[in-house]
Amino acid sequence: MNIPAIRAIFRKDLLDGVRNYHVILMVLTPIILSLLFSNMVSDSKSAAAMPEIGMITSPQQPMIERLTSKGLGKKITFFQNRDQLETAILQGDVRFGIILPELITTKTTFKKSQSVVILYPPHMPEFGIDTLKSVFEAEIRHQLNLEPPALPFELKAEAVAGATGNATNVSDSMFPMLIVMALGMVGFLALPMAIVEEREKGTLNAIFLTSITPGEFILGKSLFSFFLAMLTIIVMLTINGKWGNNYHYLLLISVLGAMMTIFTGLIIANFAQTQGSVNAIGTTLFLFFQMIPSLEHTSEMARRVAPFFPSTYIFAGLRKAMFLDLTRVSIRDDINIVLAITMTVYLAAWMVYKLKKADK
Amino acid sequence: MEPFAINVCELKKLYGTQEVVKSISFAVNKGEVFGFLGPNGAGKTTSIRMIIGEIPASAGKIEVLGRAVPAELPEIKKLTGIVPDYQNLYDRLTVRQNLEFFAALNNVTPDQIDIVLEEVFLAEHQGKACKDLSRGLRQRALIARGLLHRPEVFFLDEPTSALDPHSAKLIRELVLKLKCAGTTVFLTTHYMEEADMLCDRIAIMNRGTIVACGSPENLKKQFGRRSARVEILRDNKPETHEFSIDDPSQKAEMASMLNSSTILRIHTQEAKLEEVFMHVTGDEWKPESEDAR
């Protein structure tokens with residue numbers, strides 16, 4: 001084994017790497033993402049792990065003191081009735097709700113026929129519901145100093161009435177994330193990669209020696225990418241039977257999302273000179289695009305930056321269209337924001353190509 | 001009717017402050033094979049790229065078939081075909097799929113594909129992916145692509161570079177066929193014999209300027225040196241001497257030697273284009289016999 005040669009290669013790559021923005025981006029991206037989800041910057045981890053709870057109960061309920069204590073630190077919002085609480089859950093103002101009868105103050109005051117209800121959004125996966133139930137049961141046991149096995153009252157978990165009306169399974173809850181992923185893959189990576197490959201191999205020169213115009217070429221490429229993104233989404237929805245009742249909204253948001261990522265991909269293709277550059281830039285954007293809305297609730301920091309990412313609105317729109325009852329929640333704001341961002345990115349792409357043409 | 005296939009007048013190209021093409025002028029007649037020669041970095045490819053409108057000229061005038069570049073480029077593109085000096089095919093597609101794509105871009109009917117495939121002897125390989133073809137076959141596929149729309153002016157940038165002799169011969173035959181069909185061929189090559197064989201006229205470029213232009217015969221007359229290799233027997237030992245026939249002093253020396261010695265063999269050689277090239281590009285040809293003498 002030629003150790004000096006291996007060492008020389010390592011040194012060369014190290015020296016090259018610190019001057020190569022592809023490498024720097026690839027290294028920095030996971031670091032920045034890890035910071036976003038680590039809560040180093042703001043709240044404690046336990047506080048972030050404790051999502052906001054909506055409650056219907058008396059403010060004198062002793063459980064509240066425990067839930068809001070320094071150790072657990074949950075944020076509690078009180079509601080007057082179940083309808084208000086359900087709407088807040090559907091809108092995402094609170095993560096889940098608890099209806100806690102006032103009389104459960106000591107183990108001698110409850111009646112067997114009474115129940116504690118945990119309300120959860122319809123897109124919450126089963127494992128999340130189970131976790132929620134077991135955590136809350138443990139808290140009640142601790143509060144009332146109850147021993148196993150059975151609780152002396154009923155602990156019910158109920159989905160807030162959504163489009164499906166039922167709790168969803170894990171794969172259901174992942175669907176909006178998978179659609180966002182498909183949009184990002186095609187727009188941020190596949191399209192610019194295809195354009196830059198043409199440039200690298202010189203086939204772009206051959207194309208432009210025919211009478212085709214750059215605009216026609218870009219349109220052709222964009223249309224194929226659009227087709228690819230939509231085909232992926234349609235196949236995903238069809239083979240899994242996930243169209244639901246709001247399929248027109250689902251399609252509309254997917255179409256706008258595909259256009260947004262494709263216009264972004266055209267901008268990437270303009271600046272990236274090699275497929276390596278596309279990989280670096282596209283993957284970076286893709287990771288933020290994909291991860292921020294999916295993991296928005298995992299940290300306070302992520303929650304704060306999420307509104308600045310267009311994928312947050314695509315994700316929210318898709319989730320509403322797939323799982324929620326749109327007579328109770330509004331999807332229009334999400335669609336309007338996605339539309340506005342798509343048009344902005346289109347204008348940006350148009351300007352980039354105009355400037356490039358003028359530069360030539 | 002336009003008199004020239006290509007007319008270039010005081011063409012310049014600057015990259016920053018560096019002038020890579022320095023005010024060159026030349027004209028290519030319709031139907032001729034025009035050779036554009038020069039060492040690497042002479043500015044040939046830059047000139048071609050300006051002529052076909054791929055990059056803008058810094059100054060000067062270019063006309064292709066009487067149409068101005070770049071103002072009438074869309075029209076010019078329909079009348080010109082190009083085979084670049086690199087093999088830019090879609091490797092994952094078959095030969096036919098490549099041609100179908102470019103036929104569609106050029107508004108050419110699919111039956112034209114079969115015609116060009118026959119012309120370049122690629123019909124039997126049309127179903128193969130380009131990545132599976134030899135370099136020679138790929139070069140023929142590029143020529144087929146360039147010929148799809150029956151261009152009146154055909155640019156061939158080093159078409160036989162790194163090809164085996166059979167493939168190179170086939171491509172040279174194709175060039176001659178095109179010439180017979182009345183197509184103007186603009187050829188760059190590093191093979192002087194090829195240029196000598198194919199070209200009606202040649203321009204040699206060096207360091208951004210055209211240093212010689214004319215028919216191969218005229219260039220050889222103007223810059224070449226005819227030589228003679230003489231083998232004689234002197235003191236029962238064979239000796240070899242080489243003389244430039246065009247140099248009067250060497251010619252006299254050779255005559256004197258032939259009169260006073262036993263001649264074993266005389267071999268005369270006409271001027272070569274390679275010598276012209278070396279001469280005009282600054283690396284003057286020196287006959288081997290100069291060292292021997």
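Q: How many helices and how many strands are there in chain A?
A: The model is a predicted one. Within it, both kinds of secondary structure occur in chain A. The count for chain A is 14 helices and five strands.

Q: Of the contacts in chain A with a separation of 6 or more, what percentage joins residues 24 or more positions apart?
A: Two residues are in contact if their C-beta atoms lie within 7 Å. In chain A, the contacts considered here have a separation of 6 or more. Residues 24 or more positions apart account for a share of 75%.

Q: In chain B, which residue of β4 is the bridge partner of Cys9(B)?
A: Strand β1 (residues 4–15) of chain B runs antiparallel to strand β4 (residues 59–64) of chain B, and five bridges join the two. Cys9(B) has its bridge partner in β4(B). That partner is Lys61(B).

Q: Which residue takes a positive phi in the hairpin of β4(B) and β5(B)?
A: Three bridges join β4(B) to the antiparallel strand β5 (residues 67–69) of chain B. Among the residues involved, Glu63(B) has Ala68(B) as its bridge partner. The hairpin has two residues between its strands, and the positive phi, near 50 degrees, belongs to Leu65(B).

Q: Which are the edge strands of the open sheet of six strands in chain B?
A: The order of this sheet is β6-β7-β8-β3-β9-β10 in chain B, with mixed pairing. An edge strand here pairs on one side only. The edge strands are β6 (80–83) and β10 (209–214) of chain B.

Q: What angle does the direction of helix α8 of chain B make with that of β10(B)?
A: Helix α8 (residues 216–223) of chain B packs on the sheet. There, α8 touches β9 and β10 of chain B. The angle between the directions of α8(B) and β10(B) is about 110 degrees.

Q: Which element gives the most to the side of chain B that touches chain A?
A: In this interface, 13 residues of chain B are in contact with 10 residues of chain A. The elements giving two or more residues to the chain B side are α2 (73–79) and α3 (95–105) of chain B. With three residues, the element that gives the most is α2(B).

Definitions and conventions
Residues numbered from 1 in each chain as written. Chains lettered and ligands numbered in written order. Predicted model: local features only at pLDDT ≥ 70, side-chain atom pairs only at ≥ 80, totals over all residues. Helix = DSSP H or I, 4+ residues; strand = E, 2+ residues; numbered from the N terminus. Pairing = 2+ DSSP bridges. Axes fitted to C-alpha atoms, helices over the stretch in contact; angles between N-to-C directions.
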